[in-house]
Amino acid sequence: MILPSEVDVLVIGAGPAGLAAATELARDFNVLVVDREKAAGGIPRHCGHYPFGMREFHRVMKGPDYARALAARAEAAGVRFALGVNVVALHPGPSVTVTSDEGVTTISARRVLIATGVRESSRAQRLIGGTKPGGVVSTGALQGMVYLEHARPFRRPVILGTELVSFSAIMTCAHAGIRPVAMVDSRRATAARWPSCLYPRIKGIPLYLSTKLVSIEGRERVESVIIDGPKGRKRIETDGVIVSGHFRSESTLIVTSHLARDPGTGGPAVDSAGRCSDPTYYAAGNMLHPVETAGWCWSEGRRVGLAIARDLKSGLPAERAPVTVESDALAWVVPQFVSPEQALDRLQLRVNRPVNGRLSVRVDGREVASRRIWTRPDRRITLPMPSVTGQVSIHLEE
Amino acid sequence: MPDQPLTGRFDVAVIGAGVVGCAIARRFALAGARVAVIEKAPDILDGASKGNSAILHTGFDAPPGSLEHACIRAGYQEYLEIHERLGLPVNRCGALVIAWTEEEEAALPGLIEKAHKNGITDIEVLDRQALRKAEPELGENARAAFRVPGEYLIDPWSAPFAYLLQAVENGAQLMRGAEVTGARREDDWIIETTRGEVRAGLVINAAGLFGDLVDEKFIGRRDFHIKPRKGQFVVYDKPAAALVNHILLPVPTAITKGVVVCRTAFGNLLVGPTAEDQDDRLHAELVPETLEALKKRGEEIVPALKRHDVTAIYAGLRPATEFKEYCIKAHEGLSYITVGGIRSTGLSAALGIAQHVEKLAALEFPPPAHPVWSSVRNISEFLPRDWQKPGHGGIVCHCELVTRREIMDALSGPLPARSLAGLKRRTRVTMGRCQAFFCSAELCRLTRDHFDQPMSEIVE
């Protein structure tokens with residue numbers, strides 16, 4: 001495939017956010033979506049379970065069907081795809097350097113949307129001790145092996161984590177005839193809300209809470225793990241470890257670029273239009289907020305796509321006011337700036353420890369919205385986006 | 001396909017395909033010997049050679065007059081002479097030895113004097129101000145330093161791979177997955193392995209962490225005892241590499257060179273190693289508290305590291321002994337050479353050790369009429385990479401930009417990867433920040449039928 005050297009809008013990442021934005025933009029503009037994978041659809045391609053598609057198609061679908069339907073809808077709208085293409089650098093202009101089987105080339109655009117999503121954090125990032133045998137994988141890697149390759153890397157693994165994705169790991173295991181022998185989390189309660197937390201019990205998987213995974217043992221393959229919890233240390237015989245959750249923004253391109261980054265999310269700092277510090281670059285989807293559902297990302301992508309369309313037609317107001325956070329219990333807030341264009345129509349937040357208190361938004365010191373929260377890390381929290389301009393701050397009273 | 005059994009008589013059998021064994025095999029193959037290499041692991045570089053700090057040392061701080069020092073000097077010289085022909089990188093960044101306390105500052109002149117004795121005469125002294133200019137991101141407490149311009153960064157796996165590849169292309173034969181179980185002397189040595197017997201005139205023990213045990217099998221005694229010394233490392237993501245210009249060395253203590261901060265050949269930033277004695281020769285266990293302490297030390301040396309992500313953690317074992325010197329010895333009348341206790345300088349010294357062993361062997365062979373020199377594929381950040389050239393088949397490992405062509409090459413050819421670990425060392429696949437989140441499925445497919453232990457089994 002010959003890559004164009006110039007397009008109106010270049011979308012990086014063919015997941016739900018990127019595809020939704022591209023579909024909206026293709027009505028009036030020449031849109032190219034590049035993705036490093038050989039197929040469009042993003043992470044849902046290898047989530048072979050329900051429920052996807054409620055907002056987008058008004059029915060309950062499995063991930064791969066949903067991914068195909070999103071890609072088909074984009075294609076029907078006139079979006080062009082360049083798959084198996086890796087973006088390796090972002091430049092002011094905007095333009096990007098890509099590599100593919102054809103070699104290295106540059107693509108210029110009027111606007112670029114970055115929608116490269118998330119990944120789970122690795123065993124290395126969590127500094128988990130022990131040896132380094134084969135069979136330690138993330139949920140994403142496991143799903144790829146099971147749903148794309150019909151393969152299983154182990155038969156009786158331990159699952160680390162209790163986020164939504166950790167329960168998705170159980171479903172993936174069930175699909176491949178893998179029987180997890182334990183689910184372990186250092187938290188006091190499961191990160192995911194009821195009723196997900198009932199799922200391990202239904203499947204007969206022992207759940208170890210307030211328990212640390214201390215060490216992984218084995219040389220070629222995992223042989224056992226050591227856990228340490230309220231009942232003391234214990235060795236569990238196992239042949240694999242699923243290191244799930246703790247999502248991180250897949251923001252490699254941002255880190256090495258001229259765009260400003262939010263250390264809290266790891267992703268780019270954006271205003272409520274989805275604009276980055278260089279306003280010719282936009283971002284949407286999970287790279288802004290690790291992690292939300294596919295439907296959430298799709299709807300956000302759509303709204304950012306419409307904002308880009310307005311920007312290209314008549315320009316968007318440049319003004320933006322920073323959002324400041326007045327509590328050390330808040331891990332991050334998105335967007336990092338408020339502007340008159342509100343494609344991101346809510347303030348999204350996460351806490352970094354269990355919190356029970358009152359959350360409020362002030363504009364120039366005057367409270368404009370508040371809510372009570374009783375929540376834990378990795379759970380969704382939102383606040384209304386202030387419509388008036390001014391110095392926006394977020395406060396937490398515990 | 002497993003390696004072919006080693007049939008017929010070999011002039012030289014090298015036991016162990018670590019960096020030292022690979023360099024020795026190369027030297028004897030280039031000298032015209034018929035060489036066999038016997039490795040117990042599924043792939044090469046699986047013991048001490050799999051985890052080091054990837055520095056080409058000048059030997060400035062080696063014990064003056066030692067064999068270790070002589071081998072480092074000779075190895076260093078030869079590497080610089082041959083690296084271009086083998087396609088191997090060198091990053092000539094130089095090192096700074098940094099004093100953080102008054103006591104360490106007082107030790108600097110002694111270290112410089114030692115370097116002079118070791119023939120390293122281009123040392124430059126840096127005061128606090130010059131140090132800050134050379135390394136603006138360095139922690140406040142750095143007092144003074146000296147620069148050793150000749151300390152370089154190299155690729156710790158491609159180098160030994162290239163040595164063994166050249167050996168094989170000049171006639172050497174490798175048998176992996178073959179553990180030595182015993183030996184007997186007829187006219188030649190008959191080496192008993194788990195994959196059959198091998199007949200060889202001269203045996204060279206380069207068994208690293210198992211060197212003393214292999215000596216017992218051949219000569220019924222051991223002149224040294226391996227005391228594995230563990231080194232744990234923390235690797236930061238690529239943006240952190242921009243924080244430092246030099247290899248940052250501490251003032252060494254009696255047992256270790258101390259915690260080093262340096263870039264890697266692959267564009268990351270490395271903090272390590274620790275020095276922890278243990279009995280286990282096989283397992284190098286990562287300890288979260290130690291890794292936290294390494295991170296903390298790294299952040300004292302370069303405070304901006306606080307803002308950077310950890311990409312990888314690893315631990316290696318150095319084959320230390322009760323002696324502060326290599327244990328290299330030709331055993332009189334036995335056609336047997338021990339190359340043991342190559343403690344932490346093996347990567348720098350390997351080519352020099354090979355020269356020394358060739359002299360000890362004192363054997364003559366008809367040299368090959370046309371020695372083969374072929375280049376390995378560069379995977380370092382210092383030379384052009386495959387992803388920059390057309391026809392690479394697309395990227396498989398997105399974090400490290402490893403191409404399908406690189407992977408297919410590493411799975412074929414004269415030294416094909418036979419384990420995921422072996423493929424990682426040849427290509428860097430899965431070694432980036434996502435640690436195989438994105439590429440596992442594709443790797444499962446590409447490597448099927450290539451590994452002794454497949455990454456996954458097919459679900460019916």
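So, burial: in chain B, 56% of the 460 residues count as buried. Keep in mind that what we're looking at is a predicted model.

What is chain B built from? There are 11 helices and 22 strands. The radius of gyration comes out at 22 Å, close to the 23 Å from the globule rule for 460 residues, so chain B is as compact as a globular protein of that length. If you want a box around the C-alpha atoms, it's roughly 65 × 60 × 45 Å along the principal axes.

Now, contacts along the sequence. Take the contacts in chain B between residues at least 6 apart: 73% of those join residues at least 24 apart.

Okay, domains. How is chain B divided up? The assignment gives domain 1 as 1-90 + 154-224 + 321-376, domain 2 as 95-149 + 227-320, and domain 3 as 386-447. Let's stay with domain 1 and domain 2 of chain B for a moment: their centres, over C-alpha atoms, are 28 Å apart. Where they meet, 28 residues of domain 1 contact 30 residues of domain 2. And what's on the domain 1 side of that contact? You get 11 nonpolar residues, 11 polar and six charged.

Over to chain A, and an annotation. UniProt, in an unreviewed entry, puts a feature called "domain: FAD/NAD(P)-binding" at residues 8-290 of chain A.

Note on methods:
Residues are numbered from 1 along each chain as its sequence is written. Chains are lettered from A and ligands numbered from 1 in the order in which they are written. This is a predicted model: local features need pLDDT of at least 70, side-chain atom pairs count only at pLDDT 80 or more; totals for chains, interfaces and linings use all residues. Domain bounds come from an automatic or database domain assignment. Two residues are in contact if their C-beta atoms, placed from the backbone, lie within 7 Å. Ala, Val, Leu, Ile, Met, Phe, Trp, Tyr, Cys and Pro count as nonpolar, Asp, Glu, Lys and Arg as charged, and the others, Gly among them, as polar. Helices (H or I, at least four residues) and strands (E, at least two) are DSSP runs, numbered from the N terminus. The radius of gyration is taken over C-alpha atoms; the globule rule is 2.2 Å times the number of residues to the power 0.38. A residue is buried if 20 or more other C-beta atoms lie within 10 Å of its own, exposed if 12 or fewer, and partly exposed in between; C-beta atoms are placed from the backbone. UniProt positions are given in the numbering used here, feature names are shortened, and annotations may be inferred rather than shown by experiment.
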